[in-house]
Amino acid sequence: MKRRIPPDRLSEPGAADTPPPRRHTLFWRMFANYFLLILIPVIVASVLAQVLVVRIIEKDAERFNQVVMNRFSEQTDAELQSLKTSMINILSTSRLRSVLLAPMSSSPESQLLPELLHSLREQLQQLESDELVEKAYYYFVHQDLMIDAETYTNKAYYFRSRYPLDLNRRHQLEAELSGKKMMDFMDSPASVTASMSYPFNTAAPEVYLLVEVKRDKLEERIHIPESWVTGTAIVDDTAQVIARTGLTEQDQHALQQRIRTDGFASQFTISDKVGLSFMASGFNESWHYISMVDLGTLMKPVHITRLICWLFLLFFLIVGALASYYLSRRLYRPIREIKDGLKLHHAPNEEGRYEGNEFDVIKRYSQFIMTENKELYQMVNGMLPIVQEQFFTKILLGQYRDALSIEYYAKEIEFAYSHMAARTVLCISFHYDRSFYDSTSESAKIFLLTELKDKIHRLAPGMVWICQTRPDLMACVVQHDHITEGYPERIAEQIRHVFLQYGVCYKATIGIGRTIHAIEELHQSYEHALAMLNYRGLHSTVEICGSLPSRELQQWDSFLSVQEVQRIHNQCKTREYDKLLHSVLDLLEEGKRKDASAVQMKYLLADVLNTWIRAVESERNELNVPYYSGLFERMNRCMTWDELTQCFQDIHGFLFRKPASSSRSQQFMEILEYIHEHYDQELSIEHFAGMMNMSIGHFSRTFKEEVGEKYVEYIAKYRLMKAKQFLLETDLKIDEIAEKVGYWGRNSLIRAFRRYEGITPAKYRSSHQ
């Protein structure tokens, strides 16, 4: 017990000689704490609001700009693609071949050539009806002939009168008309000209179809009416502007400089007060659509948000100061009253004030009160059973074998025992039933085991100590008088009846050790009880093995002879599988007749099972270690002859079943049905391989032979099919859909979508809606 401190010693000696502390120091400290508690979250919230709003607006602008650019780029690409298709159709259905083969000058009176030329002009007239087409005409490479929608003539007259071009421009045009062209564009200050050669698949074409695209119509197509978009343009890889709208010459020059410097790597960039968005054209690989964003217009909500944040912060400065002052006053008043009340406990002759503020005085007084509090003792006392059980376990395991040290440690943890009592250790080895173990949670198992221990304690209150030395082994120490005979056996029988009540959960063996009279010898009784467990038979689910065993261990070989191993291999090669099972059943009958112990019988059967597995491995050339390990575990869990018989019948059926193609196909059909029903769960290939008694590699090859696809590919494609249904038929988020189809998160689903579909789930949903 700690010495009681008198109340007059609460204040430190010499307190009257020290200067009085500043009044209300604790009050202002609480005020500062409350003020910071209110102010810091407000400041953080204001900063985060400004940062997040700017980021959200930029993201929204980027996303919306992307959507708008997608719309006008797809529309422009579609119209240009339609124009390309029209040009291909005209060249494919035209009578150019007849014109090229018809005589031009040798038969001026021929009636066929004018008809052919007239049909070509009609086709050009039809092509010029397109809104984007300004003019269309044919250019003959090896003939002095030009054809447009209104006339046909020679090249000199055409470029002088019909389509005036200076000599340099004409030479440039003729120089560009060489080689194969499939709607290649030739840019000029006045127009954009598309060219296509005929015949199509030749490097030396004879005719070029030239179409002049209306620049104003093309610019109208790419115009974006949004107020924050200052201009749009189409630019090729050389930074040449094909078409533009809303851009000044200065903007165009800055844009070209930016492209020559940084290229088209970034989809959305911001520099100074201008935002640029790039999108590759789906029609022409060398084209890019570009939109220019005015960040001043875009960021106007940001400035408003910042102003609101500053006003919000100023408001909370005022409100926080008032609230902090009010709360500090309310909290400080009872503290002051407590301190004033503590003064009444001091001696009348003591003068001076307390050292420190009110909180320090109350804290010192509280520490004095806590020395007399019994709650700590109760807490320690509640932990004593756990500490005592650990101490008792160490005695059983032989870590404490000295009577003096045992007595000393027992006093430290308040473990009371009698020096003169006789004690007997009962070792209880228990096994969970397989169906109960697989279907029960760990918490339920712990509660059930606690309930079992409590029932054993009630058999002899104060006379039975229980501890768990291993997860599957429980030790019960029975304390009794020297003259009491058969008492440990009676307790063991009562424990047996308790375990029989839990027959659906446990199967157990109770080993009775020899009786000892000194607690330091307790480990000897424990070791003897462990040895008694080896005498367990296979006739009962709960058996008692006494200190004087009634069953003698059979003196037989626990391993197969070389001749027996060779016989099993020969029977496997000749597929005499029935003889293998009969020999094991005969071995079990012999063991049952001789009343063999479970340990000896399982040693022999383990050797038989190992020989079976090696025979199967050598025949099928496959190794499934997890599955074979499970077979040994199942055999070791068997507690009766009937369980061992059923176990080896099942193992024989799995290891030596005859493969049949129809049966294998049916099994794979059942596996596919299971995948279709449980695609949202974890589908392990090890599970199915073990179920079919195959290695993982063998199962993977057989699955591809039967189904036509790899196992992983099949599951991924089926999950993607389900994901598509959720994307198109529901409004679920990507995270929720990923969880429903069996992926860990949205990133896994997105990677799978990109691998098999080439796009993200969001783009798939938007493109199909």
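This is a predicted model: local features need pLDDT of at least 70, side-chain atom pairs count only at pLDDT 80 or more; totals for chains, interfaces and linings use all residues.
An open sheet of five strands is present, with the strand order β13-β14-β12-β15-β16 and mixed pairing. Its edges are formed by β13 (464-470) and β16 (542-545), each of which pairs on one side only. From one strand to the next, the twist averages 20°. Within this sheet, strand β12 (residues 422-432) and strand β15 (residues 506-516) run antiparallel and are joined by nine bridges. One of the residues bridged to β15 is histidine 431, whose partner there is lysine 507.

A further antiparallel pairing, over four bridges, involves strand β7 (residues 229-236) and β8. Valine 235 has valine 241 of β8 as its bridge partner. Four residues lie between the two strands of this hairpin, and alanine 239 adopts a positive phi near 70°. Strand β8 (residues 241-245) is mostly covered, with four of its five residues buried.

In soluble globular proteins, nonpolar side chains tend to be buried together. In the present model, the largest nonpolar core comprises 45 residues, of which Tyr138 and Phe140 touch the most other members. Helix α1 (residues 25-93) supplies the largest share of this core, namely eight residues. Beyond residues up to four places away in sequence, phenylalanine 140 touches Leu96, Val99, Leu100, Leu145, Ile147, Lys155, Glu206 and Val207. Another core, of 34 residues, lies apart from the largest one; its members include Cys572, Leu580, Phe648 and Phe656.

The aromatic pairs in the model number 22. One of these is formed by tyrosine 137 and tyrosine 158, whose rings are tilted, with 5.6 Å centre to centre and 45° between the planes. This pair links distant parts of the chain, as tyrosine 137 belongs to strand β1 (residues 133-140) and tyrosine 158, 21 residues apart from it, to helix α4 (residues 155-162). Tyrosine 137 and tyrosine 158 are both buried.

An edge-to-face arrangement is found for tyrosine 679 and tyrosine 718, with 5.8 Å centre to centre and 70° between the planes. Here too distant parts of the chain are linked: tyrosine 679 lies in the loop between α22 (661-677) and α23 (685-691), whereas tyrosine 718 lies in helix α25 (residues 711-729), and the two are 39 residues apart. Tyrosine 679 is buried, as is tyrosine 718.

Aromatic residues are also grouped in one cluster that consists of Phe668, Tyr674, Phe688, Phe699, Phe703, Tyr711 and Tyr714.

Threonine 760 is located in the loop between α27 (746-756) and α28 (761-768). Because its relative accessibility is 16%, threonine 760 counts as buried, the cut-off being under 20%. When neighbours within four places in sequence are left aside, threonine 760 is in contact with Ile750, Phe753 and Arg754.

Technical notes:
Residues are numbered from 1 along each chain as its sequence is written. Side-chain values use heavy atoms; hydrogens and water are left out. Buried means under 20% relative accessible area, exposed over 50%, partly exposed in between (1.4 Å probe, protein chains only). Two strands pair if DSSP finds at least two bridges between them. Rings of Phe, Tyr and Trp (its six-membered ring) pair if their centres lie within 6.5 Å; planes under 30 degrees apart count as stacked, over 60 as edge-to-face and the rest as tilted. Axes are lines fitted to C-alpha atoms, for helices over the stretch in contact, and angles run from 0 to 180 degrees between N-to-C directions. Contact means heavy atoms within 4.5 Å. A nonpolar core is a set of buried Ala, Val, Leu, Ile, Met, Phe, Trp, Tyr and Cys residues joined through side-chain atoms within 4.5 Å.
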